[in-house]
Amino acid sequence: MSISVASPCPKSIVEELEIKNWPIWTCKVGLFDWIYEEKEICMFLEGEIMVTPDGGEPVRFCEGNLVIFAAGMKSKWDVHKAVCEH
């Protein structure tokens, strides 16, 4: 399972995917497990986080990153600064 990160996310992608129209999701500082039932794309507006896929290396991302999580991926989230994302 994988995590892909575009850093920083190109403006053309933001416009093409109409990211600014996506709902907002927030998360406080903390640790938790997460399973991605389907492929998920997130655009981080604020925060700092490290996600470690089961059996994989940790991936750090923050404000301005477009992140794609693979379907079926199990992971551990370590939120260092509160997150706000589309």
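## A guided look at a chain of β strands

Visitor: Before we go into detail, which secondary structure elements does the chain have, and in what order do they run from the N terminus?

Guide: Happy to start there, and please keep in mind that this is a predicted model. The secondary structure amounts to one helix and seven strands. Read from the N terminus, the order of the elements is β-α-β-β-β-β-β-β.

Visitor: What is the radius of gyration of the chain, and what does the globule rule give for 86 residues?

Guide: The C-alpha trace spans about 35 × 25 × 20 Å along its principal axes. For 86 residues the globule rule gives 12 Å and the radius of gyration of the chain is close to that, so the chain is as compact as a globular protein of that length. The radius of gyration is 12 Å, and the rule gives 12 Å.

Visitor: Which element gives the largest share of the largest nonpolar core?

Guide: That core has 14 residues, and Ile3, Phe44, Ile49, Val51, Phe61, Phe69 and Trp77 touch the most other members. The elements that give two or more residues to the core are β4 (40–53), β6 (66–69) and β7. The largest share, four residues, comes from β4.

Visitor: Which residues does Phe44 contact, leaving aside neighbours within four places in sequence?

Guide: Phe44 belongs to the group in the largest core that touches the most other members, and Ile49, Phe61 and Trp77 of that group are also among its contacts. Beyond these, the list for Phe44 holds Cys62, Glu63, Gly64, Asn65, Val67, Val83, Cys84 and Glu85.

Visitor: How many bridges join β4 and β6, and which residue in β6 is the bridge partner of Met43?

Guide: Strand β6 also pairs with β1 (residues 3–6), where four bridges join the two antiparallel strands and Ser4 stands opposite Ile68. The pairing of β4 and β6 is antiparallel as well, over four bridges. The partner of Met43 in β6 is Leu66.

Visitor: Is His86 buried or exposed, and which backbone oxygen lies 2.9 Å from a polar atom of its side chain?

Guide: His86 lies in the segment after β7 (74–85), and because its relative accessibility is 14%, under the 20% cut-off, it counts as buried. Not counting residues up to four places away in sequence, its contacts include Ile19, Trp22, Ile41 and Met43. The backbone oxygen of Ile19 lies 3.4 Å from a polar atom of the His86 side chain. The one at 2.9 Å belongs to Trp22.

Visitor: Why does Leu31 count as exposed, and what separation do the C-alpha atoms of Leu31 and Trp77 have?

Guide: Leu31 lies in strand β3 (residues 30–35). It counts as exposed because its relative accessibility is 62%, over the 50% cut-off. Not counting residues up to four places away in sequence, Leu31 touches Trp77 and Asp78. Leu31 and Trp77 are 46 residues apart along the chain, and their C-alpha atoms are separated by 5.5 Å.

Methods. Residues numbered from 1 in each chain as written. Predicted model: local features only at pLDDT ≥ 70, side-chain atom pairs only at ≥ 80, totals over all residues. Heavy atoms only, no water. Buried < 20%, exposed > 50% of the residue type's maximum accessible area, 1.4 Å probe, protein only. Polar contact = N/O pair within 3.5 Å; in protein donor to acceptor, adjacent residues only side chain to side chain. Contact = heavy atoms within 4.5 Å. Core = buried A, V, L, I, M, F, W, Y, C linked by side-chain atoms within 4.5 Å. Pairing = 2+ DSSP bridges. Rg over C-alpha atoms; globule rule 2.2 N^0.38 Å.
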